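Trainee: I am new to this structure and would like a close look at one part of it, the salt bridges. Please start with the chain as a whole and then go through the pairs.

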Amino acid sequence: MRKRGLNPKLFFTVRCYSKQRFDISLENPVIRVSNNVARLGRPKEGPRPPQFMALPPFQGLHLPRKKSTTAPGRGVTAISWLKYYFDEIPGPVIQSHFNQGLVQVECRDSNDSSKISMRKIRHYEVMEMGARVHVSVTIAESRISKRFDIIPSGTLYPNADEIAYLQRLVTYKDSALIVLNKPPKLPVKGNLPVHNSMDALAAAALSYDYDVGPRLVYHLDRESSGLLLMGRTDESISLLHLFLSDSTKKKFQSQVWDDCSKGTYRRYWALVIGSPKEKEGLISAPLSKVSLDDGKTERVILAQNSSLEAPQEAVTEYRVLGPKINGCSWIELCPRTSRKHQLRVHCAEALGCPIVGDYKYGWFVHKKWKQMPRVEVEPTTRKQYRVRRPKGLDVQKGSVLSKVPLLHLHCRELVLPNIAKLLEQLRHCKASEPCRNSSDMASKPDLLRFVAPMPSHMKISWNLMSSYLI
């Protein structure tokens with residue numbers, strides 16, 4: 001059978017034309033190039049004109065509750081009128097608005113009073129009766145930023161999405177404290193290179209009806225998740241530090257509050273590589289810091305002679321939650337002291353079982369664990385565990401089966417006294433007067449308990465590992 005071939009004479013050059021229609025009605029079109037394609041478009045818009053807000057008409061020749069610094073009969077200047085109206089805004093901010101021409105005054109036409117025009121006003125001009133001043137809205141934004149002077153420059157004005165996102169993390173709020181469920185990868189304490197941290201955003205988003213935003217009581221690592229406690233007043237913060245301190249020797253007037261202070265604790269859940277030899281125990285291993293990379297970084301280790309600072313006491317209770325599955329096991333940690341990286345160092349160095357995703361203190365164990373797949377058996381039936389893989393479940397979201405797992409450390413439970421109730425009782429108990437509890441006060445609980453669900457990557461690991469609690 002004869003094969004059909006293509007006649008080379010049939011080949012000819014085809015020129016492709018773009019089907020895009022150019023808008024000829026554009027005025028002063030500009031050629032824009034993107035992805036090696038040229039298009040006609042409108043020129044970029046210039047800066048938008050500033051938005052102005054109108055002040056009420058000037059009604060008096062002198063300002064009440066203000067000491068007049070001008071000569072008698074001279075009147076009130078424009079800058080004095082703005083300083084009186086915007087009492088919370090610093091004077092240099094108002095002066096800068098005058099210098100930039102962001103303060104204007106209404107002017108009526110002498111021939112036609114219905115026509116109103118605007119002109120810039122100088123700060124030294126004297127206000128006339130009924131004059132109406134317009135000032136840029138940026139002067140009101142400076143009033144808002146005065147409350148948040150402690151926030152870094154990158155987070156002075158958090159947007160609405162950031163505020164709404166942080167408010168969704170709030171699990172409990174009263175007059176004394178706020179409890180949040182912190183997600184992983186969100187920094188808690190901001191410094192110079194870190195912006196949009198929780199302490200900075202909380203000052204702007206979680207102040208509610210208070211003039212000052214809440215402050216942190218204890219810190220969580222950036223990679224960890226769970227319950228985060230913040231105090232709203234100075235009194236509540238001092239009491240929370242007292243209850244969560246390393247050694248509480250404070251004695252209250254009521255035996256109930258002494259018992260509540262003893263019942264204060266935090267519990268963490270963690271997935272560790274390996275399994276401790278004992279099912280439960282107490283780790284008492286002091287910690288210290290050493291310098292690495294010529295002093296550029298620091299590392300927390302078990303206390304030794306070669307340390308920068310004196311060793312700090314660190315005590316942690318632990319309990320194994322289930323058997324070892326695929327080389328890992330779930331444990332519960334309850335710190336009695338609050339040291340930097342205490343749980344991570346105690347798991348990695350004291351127990352010899354680093355937390356999954358902790359590459360700082362368990363890098364070598366992670367490499368060995370990934371290279372040696374294990375087959376574990378169930379202690380009751382002596383059958384092999386099978387890692388469950390539900391259909392449609394993405395196991396690459398930082399879970400135990402992903403290439404780079406996230407840190408599996410979660411502050412799950414928090415129990416502490418009702419600080420708002422305690423402060424209310426302390427206000428009623430003055431000097432030697434007997435403390436009288438109202439019906440509303442007696443109905444409030446003495447202890448508050450919070451439980452936070454695990455983040456998504458730990459939930460996936462929990463389902464995949466088929467962990468059975470003991």
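What percentage of the 470 residues of the chain count as buried?

Mentor: Of the 470 residues, 39% count as buried; buried means under 20% relative accessible area, exposed means over 50%, and partly exposed lies in between, with a 1.4 Å probe and protein chains only. This is a predicted model, in which local features need pLDDT of at least 70 and side-chain atom pairs count only at pLDDT 80 or more, while totals for chains, interfaces and linings use all residues. Residues are numbered from 1 along each chain as its sequence is written, and side-chain values use heavy atoms, with hydrogens and water left out.

Among contacts in the chain with a separation of 6 or more, 65% come from residues 24 or more positions apart, where contact means heavy atoms within 4.5 Å.

Now the salt bridges. Side chains of opposite charge can pair when their charged atoms come close. The whole structure holds 10 salt bridges, each defined as a side-chain nitrogen of Lys or Arg within 4 Å of a carboxyl oxygen of Asp or Glu.

One of them joins arginine 344 to aspartate 358, with the closest N and O atoms 2.7 Å apart. The pair links distant parts of the chain, 14 residues apart: arginine 344 is in helix H8 (residues 342-350), and aspartate 358 is in the loop between H8 and helix H9 (363-371). Arginine 344 is buried at 7% relative accessibility, and aspartate 358 is buried at 0%. Both belong to a network of salt bridges that also includes Asp221.

Another pair is glutamate 106 and arginine 132, whose closest N and O atoms are 3.9 Å apart.

Arginine 119 is partly exposed, at a relative accessible area of 37%.

Key: Helix = DSSP H or I, 4+ residues; strand = E, 2+ residues; numbered from the N terminus.
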